[in-house]
Amino acid sequence: MRTARSSRRARRGSPDYILFFAVMTLMAIGITMVFSASMVRSIKFYGHPYYYLITQLVWAGLGMSAMLFLMHYDVWRYRRWIPLITGIGLVLLVIVLIPGIGQVRNDARRWLGFGQLVFQPAEVAKVTTLLFLADSMARRRDKLGDLIKGLGPYLVFLGLTCGLVLMEPDLGTAVAIAGGAAVVIFVAGVKWYHILLVGAASVPALVWAIFSEEYRRKRFLAFLDPWADPEGAGWQIIQALYALGTGGPFGTGIGDARQKWFYLPEPDTDFIFAVLGEEMGFFGTSLVLALFMVVAWRGFRTAMAAPDRFSCYLAAGLTSLIVLQAIINIGVVTGSLPITGIPLPFISRGGSALVINFIAVGIILNISRYANR
Amino acid sequence: MGAVLARKRVARVLTGVAFAFVLLFARLVYIQFVWSDTLGEEALDMRMQDIPIQPRRGVIYDRNGHELAFSIDVESVYAIPAQVKDPEKTAAILSEILGMSYDSLMARLTRHSSFEWIKRKIPDEVARRIREEKLSGIGFTQESMRVWPKGSLLAQVLGIVGIDNDGLEGLEYQYDRQLKGVQGQFTVEVDALGEELPQSQKGYIPPIQGKNLILTIDEVIQFIVERELDAAVERSQAEGGLAIAMDPQTGEILAMAMRPTYDPNQYDRYPDANRRIITITDSYPPGSTFKPITAAAALETGKVTVNDTFFCGGSIRVGSEVLRCHVPEGHGMQTFNEVMQNSCNVGFIEIGLRVGIEDFYKYLDLFGATTVTGIDLPGESSGIIVPKDLCKPIDLAVMSFGQTLQLTPVQLIASISAIANGGYTVVPHVVKAVTDADGNTVEVKQTGKVHRIISEMTAKELRTALEEVVSKGTGKQAYVPGYRLAGKTGTSNKVVDGRLAEGKYLAWFIGFAPANDPKIALLVMIDEPKGAYYGGQIAAPVFQAIMRDVLRYLEVPPQEEPAGTDPAELVVVPDLVGSEVTSAQVELRKVELVGMKEGPGMRVTRQFPVAGAKVLKGTTVILYTEEDVTPGEGEVAVPSLIGMGLTQARERLMEAGLVLSAQGSGFAVNQDPPAGTIVPLGTTVKVIFRMDVGQ
């Protein structure tokens with residue numbers, strides 16, 4: 001153990017700067033857009049335009065500090081604590097559901113903490129779940145060929161985690177966790193037909209999840225034809241399309257969006273990409289898309305060049321976590337996917353979500369320092 | 001080996017992710033390049049809020065420029081629900097002030113909409129009280145409200161407008177397009193809460209104000225007609241009645257009235273049926289008032305001459321049927337004019353049979369009995385007449401004296417006008433001209449004679465015959481001293497649901513004056529009078545009362561002897577102005593006339609009929625007297641203004657060197673100081689005008 005560690009130490013190189021700068025550029029665009037998109041509401045609720053900008057800057061500072069720390073603090077040094085960390089993550093998911101402890105906003109009990117300092121346990125679970133899967137699957141690699149004994153426990157664990165998140169409810173985060181986990185399971189070498197089997201088995205569950213809840217059913221149907229109910233379920237998608245369309249190739253100019261004036265729901269979080277598209281046009285939207293493509297490329301490249309299975313699985317899972325959220329968010333805003341409530345990493349305003357995304361990138365950057373060259 | 005598999009699978013994930021990015025990229029190209037313009041326009045359209053600017057609806061004037069209908073600005077309250085901060089409190093306050101239910105107000109204030117009417121067209125005082133509450137999300141807008149200042153005067157013809165200023169009936173409907181104008185709008189870009197956006201796009205399209213109508217109706221004649229119609233309906237306890245006054249030379253309708261009636265300002269308080277323009281929508285059996293048309297056909301075709309004689313033995317056989325005259329013993333041997341005077345059915349059956357089916361129908365067509373007259377009012381119908389190919393001699397015989405066929409009153413007055421004006425058809429109409437908001441004339445309606453249907457000679461012979469109906473025949477009660485009147489009585493069985501209604505009658509009188517130079521044609525019909533029901537008893541006095549005042553109003557000079565009267569029966573009215581009332585009475589008695597004093601004074605200041613008029617013996621001469629005081633230097637006696645219109649009263653006072661202070665509108669009902677008071681020149685006389693149709 002000691003020798004393995006010191007040998008790795010010796011091989012430690014520089015982190016992937018391309019990934020680093022791509023993320024920092026996304027963050028810069030994000031801060032700008034958060035300011036522009038939240039200004040209207042900030043003035044309405046707080047009398048000055050800077051309220052949300054300031055909180056976002058605070059969280060971004062926190063997130064970047066976490067990233068820089070994890071970039072230097074090797075992931076293998078806390079690998080043995082992973083079961084404990086995972087356990088804490090699960091406990092937090094249970095605690096947040098307790099009325100009186102978990103804080104409720106918009107009919108969802110998702111937050112823990114005091115005053116300004118609140119975080120979402122579901123965000124924490126994103127990273128802890130992937131850490132657990134990567135660590136455990138790397139160690140139990142030979143048993144993964146068995147559907148029940150190999151894959152079974154992981155499915156139960158995932159079901160428990162996602163189930164708790166869904167109880168808040170927070171469909172978007174559950175989807176993100178499941179997506180990242182699926183990539184880890186896939187990369188870990190689970191048999192194709194097992195994956196297909198599980199996939200096929202989850203279809204009825206998915207259908208049930210959509211159609212059991214009235215608002216999810218409406219959202220899903222609205223995605224198919226938003227103009228069927230333009231004042232109701234279709235409203236959000238139509239307003240987002242209006243914003244993107246108004247932006248056209250070059251946009252109306254930063255700060256000049258019209259649709260953010262209470263037409264777009266959540267203009268600074270889930271629908272910030274629409275404001276970006278209106279103010280910066282196709283130039284802005286394609287730039288953001290390209291930056292996420294760079295994140296995907298450098299992240300998966302890191303996974304492929306990782307020194308061991310654990311770090312390979314982990315880098316692939318964390319990269320997927322960020323990239324899948326981006327794909328789903330942009331898919332929703334462009335009317336290509338049903339509304340799920342997933343923010344756009346590094347761009348959307350958010351506290352613990354932003355910190356968690358920085359943590360994920362920090363871990364990937366740490367792994368990239370040990371890439372096989 | 002395992003690490004190779006993991007690398008391969010990561011590569012696959014990367015490929016899948018890249019594929020997703022390509023799809024999203026393509027989607028963004030589509031939305032932001034191809035679809036961009038459409039989406040952008042739709043979005044702008046959504047953000048642009050139109051605030052309509054209503055045009056002012058045009059004014060309806062009578063022929064002398066008196067307002068019969070106009071629009072005033074009133075306030076309407078609306079809510080923008082998203083801006084209402086405290087719906088409960090707002091609803092409670094509005095409910096209190098407007099007297100509306102709290103629940104319905106709450107429903108409107110919380111509805112998911114950008115605009116809700118709260119209450120439209122409210123009094124200024126109420127609007128002011130709401131404004132003082134300074135409620136958020138509650139706004140006011142100016143709307144126009146239609147006002148008919150003369151109440152029920154000409155109600156059916158004027159019609160009504162709806163809450164959105166759409167003409168629904170009558171002239172308001174017929175000329176809605178011109179009256180309404182074109183809505184303008186103010187457009188402003190707003191946020192989703194309805195507030196104007198910074199650097200918002202704006203647009204303004206000014207409204208085009210509605211055009212004004214100038215009618216052929218004369219407010220004063222209309223008033224006289226309605227007053228007399230009301231009196232007659234009341235007197236005979238009739239179901240209703242109608243009257244039309246028309247200039248027979250041009251087709252201009254001077255007055256059109258029907259009873260029962262309604263007030264357009266509060267039309268919902270009356271039965272809907274009261275709003276129908278029954279003078280043009282409904283047809284009635286005209287009875288003997290149709291006889292002039294039969295006579296015209298007979299004279300014009302030469303099948304009968306005025307020198308022919310007709311024998312009436314009380315009945316006549318037509319085919320297998322025996323038809324009776326209204327005098328059982330018969331009228332005996334009569335001239336053509338006597339047949340008309342006696343309104344002898346047997347005589348007219350003979351005249352009709354001589355005309356024959358072919359020519360009878362030809363003249364029905366020529367007189368417009370088979371078509372609509374084309375009057376510019378909505379809902380006109382044409383009469384009901386036995387189709388020509390089904391017409392048998394018995395039908396012809398009965399139609400000849402005006403039974404079984406039905407005509408609308410306006411058809412009837414149009415046909416009598418052809419006789420009055422020397423043989424021409426006219427198109428009855430109520431609008432004289434259309435002017436724009438600045439008063440410039442934009443359209444003048446066609447008026448006047450259209451084409452000849454009977455010769456001047458025939459028309460003249462008929463006028464003489466009809467004049468004798470008034471001077472000697474069944475129409476004596478229509479006689480106005482000093483004037484030559486022509487007319488025809490009529491009494492017909494009422495037709496209800498296509499069937500003759502036993503014991504229910506329509507009393508008619510139709511005619512024109514002066515007989516030798518007709519200025520006005522007049523039709524009067526009283527529907528279901530109780531007791532006496534003959535046209536000569538019921539309708540002729542109404543005709544007489546209207547003609548008396550209208551001829552005086554139109555300043556038609558009194559004429560000499562009416563045609564056909566016995567010269568021995570006529571006397572010349574002496575000049576009595578300036579003499580004592582008592583001596584004037586004596587003077588009148590000498591020439592077998594009756595004097596009637598009107599006014600508080602002892603000296604005659606005016607008289608009617610005027611001096612020099614030739615009237616029948618026994619006619620009443622009205623002697624107007626005023627306070628018997630002689631005004632000194634720089635002083636004048638206040639004249640009586642009661643019953644005069646505003647213009648007339650003003651002129652009268654100006655002549656006297658006095659000043660008018662008018663209050664209200666319509667006809668003078670009260671004045672201060674009273675008539676006869678001696679006041680210094682330049683004194684202001686307060687006159688209260690009121691539009692009290694009826695009493």
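Colleague: At roughly what angle do the axes of H7 and H12 in chain A cross?

Modeller: Roughly 140°, with the axes of H7 (residues 171-187) and H12 (residues 309-333) coming within 8 Å. Helices here are DSSP runs of H or I, at least four residues, numbered from the N terminus. Axes are lines fitted to C-alpha atoms over the stretch in contact, with angles from 0 to 180 degrees between N-to-C directions. This is a predicted model, where local features need pLDDT of at least 70 and side-chain atom pairs 80 or more, while totals for chains, interfaces and linings use all residues. Residues are numbered from 1 along each chain as its sequence is written, with chains lettered from A and ligands numbered from 1 in the order written.

Colleague: How many of them are nonpolar, polar or charged?

Modeller: The contact of H7(A) with H12(A) has eleven nonpolar residues, five polar and no charged. Nonpolar covers Ala, Val, Leu, Ile, Met, Phe, Trp, Tyr, Cys and Pro; charged is Asp, Glu, Lys and Arg; the others, Gly among them, are polar.

Colleague: Switching to the two chains: how many residues are in contact?

Modeller: 40 of chain A with 32 of chain B. On the chain A side, H7, H10 (235-247), H11 (272-304) and H12 each supply at least two residues. H11(A) gives the largest share, twelve residues.

Colleague: And the make-up of that side, by class?

Modeller: It has 23 nonpolar, 14 polar and three charged residues.

Colleague: What about the core, how many residues has the largest one?

Modeller: 146, and B:Ala243, B:Ala245, B:Leu522 and B:Ala539 have the most contacts inside it. A nonpolar core joins buried Ala, Val, Leu, Ile, Met, Phe, Trp, Tyr and Cys through C-beta atoms within 7 Å. Buried means 20 or more other C-beta atoms within 10 Å of a residue's own; exposed is 12 or fewer, partly exposed in between.

Colleague: What does B:Ala243 touch?

Modeller: Leaving out residues up to four places away in sequence, B:Ala243 touches B:Val225, B:Leu229, B:Ala255, B:Ala257, B:Leu522, B:Leu523 and B:Val524. There is also a second, separate core of 131 residues, including A:Leu112 and A:Ala306.

Notes
Contact = placed C-beta atoms within 7 Å.
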